[in-house]
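Hi,

Here is the structure I promised to pass on. Have a look at it first, and then read my notes below.

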Amino acid sequence: MSVGTAIPVEKDQAGSPTRTLEGTLRIVLTASQLVLLALVIREFELESRGLYHTLLFAGAGFVLQALLPIRLRMACFAAVSVAAIFLLFSMAGLWVIAIGLLFLGLGLLPVSASLRLALSLGLVLALGLAREGVLPVGMPGYIWPVVGGMFMFRVVLFLYSVKHEGPPRDIWATLGYLFMIPNAAFPFFPIVDYKTFIRQHYDAPESALYARGISWMTRGVIHLLLYRVIYHYVVVDPADIRGLGDVVQYCLQTYLLYLRVSGQFHLVVGLLHLFGFRLPETHHLYYLSSSFTELWRRINIYWKDFMMKVVYHPTFFAVRRIGNGRAILLSTAVVMLLTWALHGWQKYWIVGGNPFTASDSLFWSVLGVLVVLSAAGDLARARKRVAVNKGYDFRRAVGTVTVYLTMSILFTLWTSESPGSFFSILRMGANVDRRGILLLSGVVGLLLAVGGWNWGATDLRELKLRPLSLSMTLRHSALHASVLGGLVLLAQPPVKDALGSTTAGVIAHVSSSRLNQRDENLLTRGYYESLSSPNRLAGQLWEVRQSQPADWISLEQTTGWAFRNDFLVTELAPSQTIRFKQQDFSINSHGMHDKEYPLAKPPGTYRIAILGASPVMAPGVPDGTDFTALLERRLDSLAIPLGRHVEVLNFGVAGYSALQQAVQLEQKAILFQPDLVLLTSLPPDLAGLGLHFQYLLRRGISFPDPALRQAIQRAGLDSSSKSDAILRGVAALQDSLLGSSITRADSTTKDHGARAALVIIRLPEYAPSKERRMATVAGELGWPILDLSQPYGGQPEGEFRIADYDRHWNQRGNALMARALEAQLRAFADRLGLPPLWDTTAVHQPLRSGALP
Amino acid sequence: MDDVIGPVRQYILETFLKGEDPSALRNDTPLITGGILDSLATLELVSFIEQRFGIQLEAHEVDADRLDTLTAIEALVRSKSARV
């Protein structure tokens, strides 16, 4: 049987396009719902901005193809798909098109199937070398995930089809398949079967196809919104896990976050329905699977179908002489083994780097064994059709609980930094608490209640898509339009405000693509650099990082960074100018991102030393425009008429914790004879401490303080400890660590006759933290607290950051901080012993953003 | 060749659709894409077809294109039988 031959057209089903008023009305209704879907995606910032544009473009393409005769629709789909690539990537899209055409050309060569396969593998190898930079092709880095998402499995199915069914007769269908919209907006894309894609094009009534497409897309949006709620309100940082309740919550959320994948896939396949492709569901009630084989059939169904086609059936037919039962088990085992390998393959093309981790291997090994055992159980039992609901079945409910809890634990393993981290998280469950018992009981009870019913049951007569009458279409459209329209309304400020601050806050979180607190820490502080597991294919953090330019590297990757073999661990390498975050970044002879200062304070000069992490170090702005330099110019201009000078010295070093600030003050900053010492806190302060201790332990640097050394030993931390275990250990000690930091800095400043204050800062769009541990200790010691955590005055905070992928202050942000800090210094001038720089009779000007005078 | 659809329908009803109304299983009821036949059931059906009609199927022929409906199964069996 040949693929791409005649499209099966039934007069009462797919027939020629309806040019009646009724047909036109259906197109208008569908297009309107698609626009509403796009608006929901825009208002809730779902996925990328590219998805919104792609959907609008697809909407226009949908109307165009729906008005065309059926024989022209496949060509229209191919053209719309190719155009969408250029819409998103401009001329860089030519790379995608060229690579796709190369694969297509190789697949159509009139040579043996083996040679076609070998040539295609050669092309893959060449692309791999190019991805690794061995072959300098000059392709933009952001194209690789798209290339991987489009071709690395689709080409396999194309070659398979050409081998067994012959070359395609409809080249438009093949082009549409290879460049399928909306793949450019979703690198992680369902593996659509080539033969199904072509065979089931408009083989069902348009009215039913369009209605199902909108339904599935709406379902996809709801999955993505649920994912958002979980991402912001359920996700627990591994470092915060203390007892059974946290462990249960953590395990449950790792599995629930999979909702994002099912949401994306529903959107994709729903959109393809609007272009006439009657494709199967990609996911089907997978959280309610009652066995591991059922889960395998319900979660990522396209992956299962792909593996059945290219691995399971060929293996089974090759070995079935050993008996059907044994052949089935052997084939299942081979499928699971190759699923592990191919997931690694997929991750490599989308994420890059080494995709195989110990956690990943263990996850697939355990899941593979469970699926094979479950298949053996299926074979041993007389199986019944599951599509009929025969009422509540307690055994089924128990199966659902078992599968759900097991998968939650396995997903936790999969997304853990290492098996060791995974087990350390589970061990925390030994601290049984009331919350844990209640949470676990609630989940088990809920699953027992709902899992005993066969929710996927359908009537045999309903399995085939039937045409929808106009009244049914109108009812369907009204339902979806009201849901989607309601969501759009919910995101509007007047509606949000009318619902009260709590509800408005929740909607604001759910309707924003901002990272949650944990990922913000990862992005800004780089704590989890090694923890950003490639298993997190759906991670928002990964996407943000993907958008960074190639030269947007960490300081550690530059010559401006140096390791020390003492408690400070790191410092800025002195006397050089490097290129960092696309700006010149000058480091003076004392290892400060600042101009040169003599150690001895000039007479008549008031010196302020500011210590802190990267926000103080101020990357990504031209030299001399960070807030410390701006503040110095401002204060000095006020001091000069009084015959005095003010200097503001920047001792900021990326990643510096409170402890490092205290030690840096003793070893370096105090030598500059400051009159005022400003330590900074970027709450929560745990991340900085965690990074510091990770470096200390990994580099085998001893702890100078015996009490601290003992505390670290008691916490079981050593050089082999994993990042999240270190963070948990440090979290338990953080009160004493922060306390000793401030106390130590306090005694240093007092010993040298200086004053001290604590500055609390918050980077743009960084979730406000209520944690004030450092401030509490500093306050008890009588330090003024200069709170700069709310400097933005209601202005869009995004305007003050360097880039979408970097929250450090840009020039406007630095200028704003300079003004804010000046205002705080003025407010505490007496306590800080500042010279009388300001006219105290003048009316205080409200803070405004913008350059300082 | 004898009736193909009849024995296959009977086999599916007895093996996978116990208790189902036989009239609900029509010649165009989607068996694989409709979720009636999972992977194991599909292989069991393949074994039945091979034994009942004396034909040999190949791995790439086990797909929804050829086995999704009773009508498609009949076409497959007749096509393979003609080649024997």
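A:Arg298 sits in helix H13 of chain A, residues 292-298 (helices are DSSP runs of H or I with at least four residues, strands runs of E with at least two, numbered from the N terminus). With a relative accessibility of 8%, A:Arg298 counts as buried (buried is under 20% relative accessible area, exposed over 50%, partly exposed in between, using a 1.4 Å probe and protein chains only). Beyond its neighbours within four places in sequence, A:Arg298 has contacts that include A:His283, A:Tyr286, A:Arg396 and A:Asn454 (contact means heavy atoms within 4.5 Å). A:Arg49 lies 249 residues from A:Arg298 in sequence and 30 Å from it in space, C-alpha to C-alpha.

Before going on, some housekeeping: this is a predicted model, where local features need pLDDT of at least 70 and side-chain atom pairs count only at pLDDT 80 or more, while totals for chains, interfaces and linings use all residues. Residues are numbered from 1 along each chain as its sequence is written, chains are lettered from A and ligands numbered from 1 in the order in which they are written, and side-chain values use heavy atoms, with hydrogens and water left out.

Now the helix pairs. H7 (residues 154-165) and H14 (residues 301-319), both of chain A, have axes that come within 11 Å and cross at roughly 45° (axes are lines fitted to C-alpha atoms, for helices over the stretch in contact, with angles from 0 to 180 degrees between N-to-C directions). H7(A) and H14(A) are therefore oblique to each other (under 35 degrees is roughly parallel, over 145 roughly antiparallel, 65 to 115 roughly perpendicular, and the rest oblique). On the H7(A) side the contact is made by A:Val156, A:Leu157 and A:Tyr160, and on the H14(A) side by A:Phe306, A:Lys309 and A:Val310.

H5 (residues 113-131) and H15 (residues 324-351) of chain A pack at about 50°, their axes 11 Å apart. That makes H5(A) oblique to H15(A) as well. Among the residues that meet there are A:Leu127 and A:Arg131 from H5(A) and A:Trp345 and A:Tyr348 from H15(A).

And the cores? The largest nonpolar core has 177 residues, and A:Phe151 and B:Ile12 touch the most other members (such a core is a set of buried Ala, Val, Leu, Ile, Met, Phe, Trp, Tyr and Cys residues joined through side-chain atoms within 4.5 Å). Helix H10 of chain A, residues 206-233, gives the most to this core, with 13 residues. Apart from it lies another core of 61 residues, including A:Phe567 and A:Leu696.

Cheers
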